[in-house]
Amino acid sequence: MSIRYLGHSAFQITSGSTTLLVDPFITGNPKAPVSADELSADVILLTHGHGDHLGDTVDIAKRTGATVVAIVELANELSGSLGDAATVLDPNLGGTVTFDWGWVRLVPAWHTAVSPAGTPHTPAGLVISIGGKTIYHLGDTALFSDLALPGQRDRLDYAIVPIGGHYTMDRHDAVRAVELVGAPNVIPAHYDTFPPIETDAAAFAADVEATGRRVIVLQPGEETNL
Ligand code: NI
Ligand code: MN
């Protein structure tokens, strides 16, 4: 199983013949290492519908037929956009959707969200179980104590954590966040895409590694085995 960083908050997770995309913001993403039409997907998972997360979801799902998972209000909007082209699954916070490859659960994230088309909805984090590993993508969030709850239910292997500040927690709060989450492996995201979210990922990595966790800083386009 592998994970490839597509820049910003976007990741491609591959396990066997299954490909997941999380928050595929490619077009307009200055760090994107690919164009959206090069990406394949079986499932697209969305933390929320801000443009820098929804991204190319509709185009990719129309082209590939990928199933889309998004919180219910956003899912309803996407259902309307996609029609018969793709299935859209619509959990709310706390809900789990299961697949033949594993499952994904929506958990709270402290953030705001209205889609580009104007649909208000609540942002989420994603707990993803695939290939025998559990990955917690925190989405866009501030630091809050309930980040500790998913790890009380499932043994988390990887945490994907926003560190860029301004629109999310910054790298200092992210050090506290990974302590709460409790995963032994940490991948930083949501930084250096635009000037307001420039930060020092190496300093974040050093601070977290001092607590005994492993930090994997991926360059956009870089892939690592999970
Ligand atoms: Ni956002
Ligand atoms: Mn964002």
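Which spacing do the donors of the nickel ion (ligand 1) follow along the chain? They follow H-x1-H-x60-H-x28-D, where donors are N, O and S atoms within 2.8 Å of the metal (3.2 Å for Na, K and Ca) and water is not among the atoms, so sites may look incomplete.

This is a predicted model, in which local features need pLDDT of at least 70, side-chain atom pairs count only at pLDDT 80 or more, and totals for chains, interfaces and linings use all residues. Residues are numbered from 1 along each chain as its sequence is written, chains are lettered from A and ligands numbered from 1 in the order in which they are written, and side-chain values use heavy atoms, with hydrogens and water left out.

## Metal sites

| Metal | Protein donors | Donor distances |
|---|---|---|
| Nickel ion (ligand 1) | H48 (NE2), H50 (ND1), H111 (NE2), D140 (OD) | 2.2 to 2.3 Å |
| Manganese ion (ligand 2) | D52 (OD), H53 (NE2), D140 (OD), H190 (NE2) | 2.1 to 2.2 Å |

The nickel ion (ligand 1) has angles of 90 to 174 degrees among its four donor atoms, and its site is irregular. Four donors count as tetrahedral if all angles lie between 85 and 135 degrees; four count as square planar and six as octahedral if opposite donors are over 155 degrees apart and all others between 65 and 115; anything else is irregular.

A distance of 3.2 Å separates the manganese ion (ligand 2) from the nickel ion (ligand 1), and D140 coordinates both. D140 lies in the loop between β10 (133-137) and α4 (150-153), and H190 in the loop between β12 (185-189) and α6 (201-209), so the pair ties together parts that are 50 residues apart in sequence. D140 and H190 are both buried.

## Aromatic pairing and core

Three aromatic pairs are present in the structure. Rings of Phe, Tyr and Trp (its six-membered ring) pair if their centres lie within 6.5 Å; planes under 30 degrees apart count as stacked, over 60 as edge-to-face and the rest as tilted. F25 and F194 form a tilted pair, with 6.4 Å centre to centre and 40 degrees between the planes. F25 is buried at 8% relative accessibility, whereas F194 is partly exposed at 28%.

The largest nonpolar core has 75 residues, of which I44, L45, L78, I128, V161 and F204 touch the most other members. Such a core is a set of buried Ala, Val, Leu, Ile, Met, Phe, Trp, Tyr and Cys residues joined through side-chain atoms within 4.5 Å.

A61 lies in helix α2 (residues 57-64) and is buried at 0% relative accessibility. Not counting residues up to four places away in sequence, A61 touches I44, A66, V68, L82, A85 and A86, contact meaning heavy atoms within 4.5 Å. The C-alpha atoms of A61 and A85 are separated by 7.3 Å, with the residues 24 apart along the chain.

## Overall fold

The protein chain has six helices and 14 strands; helices (H or I, at least four residues) and strands (E, at least two) are DSSP runs, numbered from the N terminus. Buried residues make up 58% of its 226 residues.

Terms used. Buried means under 20% relative accessible area, exposed over 50%, partly exposed in between (1.4 Å probe, protein chains only).
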